[in-house]
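Follow the charged side chains through this model. Where do they pair, and what do the pairs join?

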Amino acid sequence: MIELHEVSKTFGNGVPIVALADVDLRVDAGEFVVVLGPSGSGKTTLLNMIGALDNPSTGSISVGGVDISEASRRELFDFRRATVSFIFQSFNIFPGLTAAENVQFGADAADREDVDPAEVLDSVGLGDRVDQFPHELSGGEQQRVAIARALATGNPVILADEPTGELDFTTGVQILQLLQQQAADGKAVLVVTHNREISRIADRVVELSSGRIVSDGPPAEGKARLEDLHW
Amino acid sequence: MMKDWFLLLRWSWRDLRKYWVKVVAIALVIGIGTGAYAGMTSMTNWRRDSNNASVALLNMYDMRFELAGDSFVPRGDLESAVASIPSSGSVVAAEERLVRSIQVDASTDDATILVPGLIVGRDLAAGGPTINTWHVEAGTGLAAADAGQPLVMLEYSFLMHNDLPSSGEVVVSGGQVLTYTGGATTPEFFMVVPENTTSFAQGTYAGVFASLETAQGLAGLEDVVNDLVVTITDDADRGVITDEIEDAISALGVGVDVTLKEDDPSYRVLFEDVENDAENMTVFAVLIFGGAVLGAFNLITRLSEAQRREIGIAMALGVKPLRIALRPLLVGAQIALLGVVFGVGVGVLIGNMMRDLMISFIPLPIWETDFQWSLFFWVAVIGFVVPFLAAAYPVWRAVRVKPIEAIRTGHLAARGGGLAPLLKRIPLPGNTFAQLPLRNLLRAPRRAVLTTLGIAAVMAVLVGFLGSIDSFVGAINRGGDAIKGDSPDRLVVSLETVLPVDAPGVAAIDNADSVGRTQPILQLGMRAAGDQDLNLLVEILDLDNDLWQPGVVAGTIEDSGTGIILAEAAAEDLGVDVGESLLLTHPRRTGPTTFGFAQSDVTVVAIHNNPLRFAAYMDDAALDLANAVGLANVVYAEPAPGSTPEDVQRELFSLDAVGSVVTASASADDLDELIGQFVGVLQGIAFFVLLLAVLMAFNSASIGFEERQREHATMFAYGVRVRKALRMAIVENTIIGIVATAMGLVAGVGMIWWVVNVSAAETMPDIGLVVEMSPTTLVTVIVLGVAAVAFAPVFTVRRMRRMDLPGTLRVME
């Protein structure tokens, strides 16, 4: 589903800052992958490259069979609309739209007409919060609306940037459960976090340091259950 | 402490550089608002000062006595009459004049200039005239030695409007060639208002200033006068002196019309015009200023709110609220300072436009157009204070909350949905992209309302400006149409004196080669009594004639007998309707060339379609009332087939009996020209008004873009194209544009109503104005108002395209 070949990203004009260096990565459909690393390790840059929010300095990226490293601006818009869905740390749901309407936005953005927002919200446990505006929802509920919005696109890749960073432990676990469920349903789910505890439930953990992959494999102590997490 | 100040100054300077486009745009909004107010209202002070100084310089009369109809008395009789009154000691000076209508041919190689005019003969002996003196603006004046010579001066604005040299030759009625030595002004011609009209006829009505002897020679009247101007001491009882002089002149066996200085058409229009314009300008200027204030307040508030989190951090660090407030206030001060600078620039620009128009329009000998320091100072103070208050308000709000609330990010900082929940139960058409614009507006109702009100205020001014012009133009057009009727090329031939309709002079007109059908008329000034007394210019003619009849909107002109046909405005002001009667004071012939006054009850038989209030008509059956059966002083003449109105003017010009020949629509044409001059200036101001609306819309769109940057970034992350996001912003602004334009239209129509029914009704009562708005104005306002506001977000498209998506998406607040 996702293939990166020798991807590098350099910022700055004077003294260049290497955010990513020669990254090779492959993520298949149905995989729940956690990208782990401290601040400045390049994990968000990696996510932005895969989501076509930014382009690599060198190397190639192919997602869903589309080579996005050489794509035009227009093709990148089309790619984002049809292939990836973002979940952000700060949710970024639209305050002027209700929960259902935020979900409907996801469907509208992907040109999908067969989506019932109430049904999608129900699937993330918000069946009774359909008509609430964001300011009427808790943080966990807002993040679940964001996930529902991502789901409504029907896109095969979900990219989550610190999805539990704003949330308390219990709510965070609920969110992770939802993301795990998406992988189980066949989507490729890539979660970026600095929280090592979250990596314990991943199928694979990709660890970055100074822009390089320093390890890639299943959790060192084996895959844990959600109930075993704590932070 | 000093270091703190430098830091704050540096920091606010960086803020300024960061937002420099918006800062300049907001400062321009303030500048246009304050500048328009100062520039437009400066004119009022200039004109008052200039009018008073000019009238004093040329020693305008306190009262004027005109002999009725074509009456004359021997030279010296009028001055003797004044000397005989009991209060003669209070009379400072009295001067006799001969004032006659005249036809002037001032044609040049490039243009045919055949116009009616007025020759004013004055005694040049002993340095005269001393009352209503002449101020030579071009060429040279007349001296006592010029008395009786074919030497005259022309009224200066007539020279200017027709691009005539400062000296030259003109031909007057009867074919006499006169040399004009220069151009001069005098108070009766500061505003050129031909008798019994409301025209401002600088270019189409010639004032000819001559010695008394020259005027008498031209009129073929030896040693007679028909006019007297008088000045009295400041402490004299004007009413008593007026009555005494009127009685003394009446004792000579002639009727007399008295005009006090304040009632002189030129003086009245000159001063009332200032107050009228001041009222209008103030209303327009206050609205522009108010709109700009609303806009600036809204925009600066939004800019300052963007610093909410930084204020919270400062509070958390224990910085005193006053010091926290300094940085945003410094930004406000910088905007205010720039706004004041722009305001002075815009004010000077608008002031210069108004001054140039006024100077070209009114040839006052003194124009006092000093820079209005005091006015500009106070406007600048307001222009400075408003941005301060605008910046202080959000800071005041921010420092009142707990620091944690200001710092807080993410969902805990989520704000309420404004009025968006109102739409929760209302199904809106379309997908979320179609719904978001309206939702966004309702989400921030205060912001949306302030933006809308600001734009609505300036649109109201635009509608008010353009609609007022439409109403004036509409009245002129209706007047022109009414006068032209079925005989659009008709000319009005004024006779030198009242003549029998079968006199050779009248027959000569009828027999002229270029003249087709003719219709003799007796035109008399009358006074009608009613709810208010009105002066009327009554044309007595055969209403069964086949050349021209007045158009009627109520009643009938058939078998009208001695009935009168009034303008709608006249009937309204007199408080009479068709079928009712009124008391008419009218001239009645007392001798071959002398008229006195009599009173008769006449019935209002019809209402005509001419908006000019003073215009009235009677059938020739009413000539009995004036003891003037078979007499005429005007002839309507239609060009013969193959002839033009100009041919008629040229041919009749040489006839002795003819005083002037003008097209029937001349007064409407004069007004049309006048409006044309004003339209240019009003369009200039309208440009600033529109620029203001565009700037406010641009600022609003620009700040709105920054406020919603993360929403846009999210959309782009979901593959929504820039053009779709732009479309949503345009739709949102279109809603504001439509609502603001609709509100502006309603308020603007209210302003037009006020101008027409209150302001103009007071100062231009002789024009029956109605509220009108041309389709062009309506379309212009709607298109400009909606389009200018709607497409303002286009200016943000570059920033949308260049948005740093990853950076924006990760920003917490």
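The model is a predicted one. B:D227 also counts as buried, at 1% relative accessibility. The cut-off for buried is under 20%.

The side chains of B:R97 and B:D227 meet in a salt bridge, 2.9 Å from N to O. B:R97 sits in strand β3 (residues 91-105) of chain B and B:D227 in strand β11 (residues 227-232) of chain B, so this pair ties together parts 130 residues apart in sequence. A network of salt bridges links B:R64, B:E66, B:R97, B:E188 and B:D227.

Now turn to chain A. Here A:R204 forms a salt bridge with A:E31, with the closest N and O atoms 3.2 Å apart. A:E31 lies in the loop between β2 (17-27) and β3 (32-36) of chain A, while A:R204 belongs to strand β9 (residues 204-209) of chain A; the pair therefore ties together parts that are 173 residues apart in sequence. Both A:E31 and A:R204 are buried. For A:R204 the relative accessibility is 14%.

A:R204 also forms a salt bridge with A:D216, where the closest N and O atoms are 2.9 Å apart. A:D216 lies in strand β10 (residues 212-217) of chain A and A:R204 in strand β9, so this pair ties together parts twelve residues apart in sequence. A:D216 is partly exposed, at 41% relative accessible area.

Finally, step back to the whole structure. A search over all chains finds 31 salt bridges.

Technical notes. Residues are numbered from 1 along each chain as its sequence is written. Chains are lettered from A and ligands numbered from 1 in the order in which they are written. This is a predicted model: local features need pLDDT of at least 70, side-chain atom pairs count only at pLDDT 80 or more; totals for chains, interfaces and linings use all residues. Side-chain values use heavy atoms; hydrogens and water are left out. A salt bridge is a side-chain nitrogen of Lys or Arg within 4 Å of a carboxyl oxygen of Asp or Glu. Helices (H or I, at least four residues) and strands (E, at least two) are DSSP runs, numbered from the N terminus. Buried means under 20% relative accessible area, exposed over 50%, partly exposed in between (1.4 Å probe, protein chains only).
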